[in-house]
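Subject: Structure handover

Hello,

Here is the structure you were expecting. My notes on it follow below the entry.

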Amino acid sequence: MKIYIYNTENNEYLYEVEAQIDPLASSKGETIYLMPPNSTQIAPTEPKAGYANVFNNGKWEQIKDERGEIYYDNGNNAVMITKLRQEI
């Protein structure tokens, strides 16, 4: 079974991996998989150009990815965006 891992700080999609079978829970005949807390069985869709997949409230959302962009604050100082949802 594939599971999808996301970042614990911002919930951004990181990668997919095969889930491992829980040997203790599965010993009773039913196959039970180990699920890290920052994972889901729900597959993300391919993000649109300039967007990132973020897991929120049980579903994937695409949010604008402005990392690497430069904006100017009220004092006309250049501010480079380094995080998703970073405020200027």
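Asparagine 11 is partly exposed, because its relative accessible area is 21%, and the cut-off for buried is under 20%. Please keep in mind that this is a predicted model. Asparagine 11 sits in the loop that links S1 and S2. Its phi is near 65°, which is a positive value in a residue other than glycine. The two strands on either side of that loop make a hairpin, with six residues between S1 and S2.

A second residue can be read alongside it. Asparagine 76 also has a phi near 65°, again positive and again in a residue other than glycine. Its place is the loop between strand S6 (70–72) and strand S7 (78–80). Is asparagine 76 buried or exposed? Asparagine 76 is exposed, because its relative accessible area is 61% and the cut-off for exposed is over 50%.

S1 and S2 run antiparallel and are joined by five bridges. Within this pair, isoleucine 3 stands opposite valine 17 of S2. Strand S1 (residues 2–6) is also joined to S3, by two bridges, and this pair is antiparallel as well. Here isoleucine 5 has serine 39 of S3 as its bridge partner. Taken together, three strands form an open sheet in the order S2-S1-S3, with antiparallel pairing. Strand S2 (13–18) and strand S3 (39–40) are the edge strands, each pairing on one side only. In general, the strands of a sheet pair through backbone hydrogen bonds, and they do so either parallel or antiparallel. S1 is mostly covered, with four of its five residues buried.

Now the protein as a whole. What elements does the protein have? It has seven strands and zero helices. Along the principal axes, the C-alpha atoms fill a box of roughly 65 × 20 × 20 Å.

- Burial: 24% of the 88 residues are buried.
- Contacts: of those with a separation of 6 or more, 33% are between residues 24 or more positions apart.
- Surface: the accessible surface is about 6,500 Å², and carbon and sulfur atoms account for 48% of that.
- Charges: there are 8 positive and 13 negative charges, and their mean positions are 3 Å apart.

Regards

Terms used
Residues are numbered from 1 along each chain as its sequence is written. This is a predicted model: local features need pLDDT of at least 70, side-chain atom pairs count only at pLDDT 80 or more; totals for chains, interfaces and linings use all residues. Side-chain values use heavy atoms; hydrogens and water are left out. Buried means under 20% relative accessible area, exposed over 50%, partly exposed in between (1.4 Å probe, protein chains only). Contact means heavy atoms within 4.5 Å. Accessible areas come from the Shrake-Rupley method with a 1.4 Å probe; for residues, only the protein chains shown count as cover. Lys and Arg count as positive and Asp and Glu as negative; His and the chain ends are not counted. The place of a charge is taken as NZ of Lys, CZ of Arg, CG of Asp or CD of Glu. Two strands pair if DSSP finds at least two bridges between them.
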